[in-house]
Amino acid sequence: MNTIFQKIIAREIPANIIYEDERVLAFLDNSPIRKGHTLIIPKHPYVDIFDIEPDTFAHIAKLAQKIAQTLKETVGARGVNLHMNNGSEAGQDVFHAHLHVIPRFERNEAFENPEHETYEEGEATHLAEMLYKNLNKA
């Protein structure tokens, strides 16, 4: 299966990448629920949580914690949602495992059917650069 995420990994389509190592890639969602909304994907094309190797999933979870802290420090998030759809019945549209890290600023922000935000020209690139820098500090 050749998904949009595999095309991002192969650099066939652009993405605002904030983290990369030999196992995973993290980048800003193009249709964010809140600005800073990040997707973490394994480089291997696992389909979902039922398919992914436990060590890879644990690696993604550790990175999600680090990204959550970075979102708190960089964009002032007061909380985060971690979200993963597994299977079409659960709303999965891209059949390449991925975890959403969504910054939250208000308690009353709706999670079901949220209005997505949009980035102004160059805003996502600038935010990705800031997150990358803060995430990859020595």
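The radius of gyration of the protein chain, taken over C-alpha atoms, is 14 Å, which agrees with the value near 14 Å that a compact globule of 138 residues would have, the globule rule being 2.2 Å times the number of residues to the power 0.38. The model is a predicted one, in which local features need pLDDT of at least 70 and side-chain atom pairs count only at pLDDT 80 or more, whereas totals for chains, interfaces and linings use all residues. Residues are numbered from 1 along each chain as its sequence is written, and side-chain values use heavy atoms, with hydrogens and water left out.

Along the principal axes, the C-alpha atoms fill a box of roughly 35 × 35 × 30 Å. Of the 138 residues, 43% are buried (under 20% relative accessible area, with exposed over 50% and partly exposed in between, for a 1.4 Å probe and protein chains only). Among contacts (heavy atoms within 4.5 Å) between residues at least 6 apart in sequence, 63% join residues at least 24 apart.

The protein chain has 3 helices and 5 strands, which follow one another from the N terminus in the order α-β-β-β-α-β-β-α; helices (H or I, at least four residues) and strands (E, at least two) are DSSP runs, numbered from the N terminus. Two strands are taken to pair if DSSP finds at least two bridges between them.

Strand β1 (residues 17–20) pairs with β2 in the antiparallel sense over 3 bridges, and a hairpin of 3 residues connects β1 to β2. Tyr19 has Ala26 in β2 as its bridge partner, and Ala26 is in turn the bridge partner of Ile40 in β3, where 5 bridges join the antiparallel strands β2 and β3. Strand β2 (residues 24–28) is mostly covered, with 5 of its 5 residues buried: Val24, Ala26 and Leu28 lie on one side, and Leu25 and Phe27 on the other.

Strand β3 (residues 38–42) is also joined to β5, by 3 bridges in an antiparallel arrangement, and here Ile40 stands opposite Leu99. Strand β4 (residues 79–83) runs antiparallel to β5 as well, with 5 bridges between them, and Asn81 has Ile102 in β5 as its bridge partner. Because 6 of the 6 residues of β5 (residues 99–104) are buried, this strand is largely enclosed by the rest of the structure. Leu99, Val101 and Pro103 point one way from β5, while His100, Ile102 and Arg104 point the other way, and all are buried.
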